[in-house]
Amino acid sequence: MTRTYVAVDIGASSGRLMLANLVDSKLVMKEAHRFKNGFIHDKGHDRWNVDGLIKEILIGLSKIKKAGYQNVVLGIDTWAVDYVLVDEQGEKIQDPISYRDTRTQGSIERLTTDLSKEYIYQKTGIQFLDFNTLYQLFEEDKDLLAKTARIMMIPDYIGYALTGKAVTEVTNASTTQMLSLREGLFDDHLLEKVNVKQSQFPKLVEAGTILGEVKSELSEKYDLPKTEVITVATHDTASAVIGAPGIGQKWAYLSSGTWSLIGAELNIPENGEVAFKQNYTNEWGAYGTYRFLKNIMGLWLIQNIKQELGDQYSFAELAKLAEEEPPFQQLIDVNDERFQNPSNMIEEIKKYCQETKQKVPQTPGELSMAVYSNLSLYYANELSILDHILGYHIDSLNIVGGGSNVELMNQLTATISGVNVYAGPSEATAIGNIMVQMITKGDILNVYLARRIIANSFNIKEFRPENDKYPEILQVYQRFLKSSFERRKR
């Protein structure tokens, strides 16, 4: 009898529990429970209801028990950088503040007045984003930090709440911008700058560490199956990269969801001067790898547009409307900070186009095409930068996550970049979560065989470049980005 695995996969807008088994050397998955997520403004900040997330996991496990599963193995992945403060009694001090909260605006500049960016990058290899944990802790209430016995990243805290055992998993911990790239430990100098100590973080562990069983009192209260928790690659991007099929000799990945994370999987980190200037990051991956990547605003833009249109269109319908419009009617720096958390995304996009004296998108189709075509341009530009930094030509792009379903964007990306695009699986994060569990339990030998199983288990669609279509558009966009950057500096 094969084991039954459960992936708890929680993003910024929703979470789900996915059941998985290996059947005839193929991965078979189905959704067991889905729930909403989102931050709310409370006590002066945007906060996550982490207790609500834990309750939804327990509800989902209860459903799994009712469906006839008596024993399961479970792994948890979520977004990165956010954390929970826990007191000496093991209790949460406050609901965690979201990375989209405004408290860290300007924090990078304030922290780096006497500690250069070059120094921090050489230490950590992590890109500069104002919501990194380093800057969140820099702005944290010092009285609360003084009461804090443990600082736990979100997925580690959820695992702690379920099992009573506390760890700090490295794929998520690396995003804090406080781990030493060379020493593999939190850097004391950086910790000192934000008034925290090594002892406040539970021990560092690698993806694939067995955490333990769900506490008996929770199992009894919610009537749960016997559940063994494995600490997987808890950062959702780390799981998504494991869940990529890895097609091509020199392949890159694009984890396309709320955020777009584009990059390559490396065995040795790259934190040289060019990588620093391009703001590339060396997040730790599973099995001794590094996720050398760039953060891009991603489908957050279209998610907001959908919501602001009253959810009257599905994502598929918005993509269909976009196909009826010509691409590249306006050029947009989709990574401009103004799009991070505007009060109204549609109005922000229109205002941006007005300020840059370009055609202002009006209809749902025009707005959607503006987003999809400019995301494609940004992806193609980053692939050319990756070529330059790594010193070799990327021959294929593996797109995973929700964006792999947007055929319009996939084809534009292939055509503009000139590389083959392989789209799918859309559930790569949950798949990567499951694969680490299966490797840990010995059902799959290693990640290389895991990727072969993924390629054989899911429909991976190929998009080839359309020659001589949209000539010069990438060069035009690159000049636009350069002028946009110079304009923001003024």
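Mentor: Let us begin with helix packing: axes are lines fitted to C-alpha atoms, for helices over the stretch in contact, and angles run from 0 to 180 degrees between N-to-C directions. Helices (H or I, at least four residues) and strands (E, at least two) are DSSP runs, numbered from the N terminus. This is a predicted model, in which local features need pLDDT of at least 70 and side-chain atom pairs count only at pLDDT 80 or more, while totals for chains, interfaces and linings use all residues. Residues are numbered from 1 along each chain as its sequence is written, and side-chain values use heavy atoms, with hydrogens and water left out.

Trainee: At what angle do helix α1 and helix α6 pack?

Mentor: The angle between α1 (residues 50–66) and α6 (residues 154–163) is about 55°, and their axes are 11 Å apart. That makes α1 oblique to α6; angles under 35 degrees count as roughly parallel, over 145 as roughly antiparallel, 65 to 115 as roughly perpendicular and the rest as oblique. The crossing of α1 past α6 is right-handed, the near helix being turned clockwise from the far one by less than a right angle.

Trainee: Which residues make the contact between α1 and α6?

Mentor: Contact means heavy atoms within 4.5 Å. Helix α1 contributes Val-50, Asp-51, Ile-54, Ile-57 and Leu-58, and α6 contributes Tyr-157, Ile-158, Ala-161 and Leu-162. By class, this contact has eight nonpolar residues, no polar ones and one charged residue. Here Ala, Val, Leu, Ile, Met, Phe, Trp, Tyr, Cys and Pro count as nonpolar, Asp, Glu, Lys and Arg as charged, and the others, Gly among them, as polar. As background, an α-helix has 3.6 residues a turn, so residues three or four places apart point the same way.

Trainee: Is Asp-236 buried or exposed?

Mentor: Buried means under 20% relative accessible area, exposed over 50%, and partly exposed in between (1.4 Å probe, protein chains only). Asp-236 counts as buried because its relative accessibility is 18%. This residue is found in helix α10 (residues 236–242). Leaving out residues up to four places away in sequence, Asp-236 touches Ile-10, Asp-77, Thr-78, Trp-79 and Thr-429. An unreviewed UniProt entry annotates Asp-236 as "active site"; such positions are given in the numbering used here, feature names are shortened, and annotations may be inferred rather than shown by experiment.

Trainee: Which residues of helix α12 are buried?

Mentor: In α12 (residues 300–308), they are Trp-300, Leu-301, Ile-302, Asn-304, Ile-305 and Lys-306. These buried residues pack against α13 (315–323), α14 (345–355) and α15 (364–390). Gly-310, with a positive phi near 75°, follows α12.

Trainee: What is the phi of Asp-223, and what is that of Tyr-287?

Mentor: Asp-223, although not a glycine, has a positive phi of about 55°. Its place is in the loop between α9 (216–222) and β12 (226–231), and Asp-223 is partly exposed at 38% relative accessibility. Tyr-287, also not a glycine, has a positive phi of about 60°. Tyr-287 lies in the loop between β15 (281–284) and β16 (290–296) and is partly exposed, at 37%.

Trainee: Where does Pro-425 lie?

Mentor: Pro-425 is in the loop between β18 (420–423) and α17 (428–441). The peptide bond that leads from Gly-424 to Pro-425 is cis, with omega near 0°.
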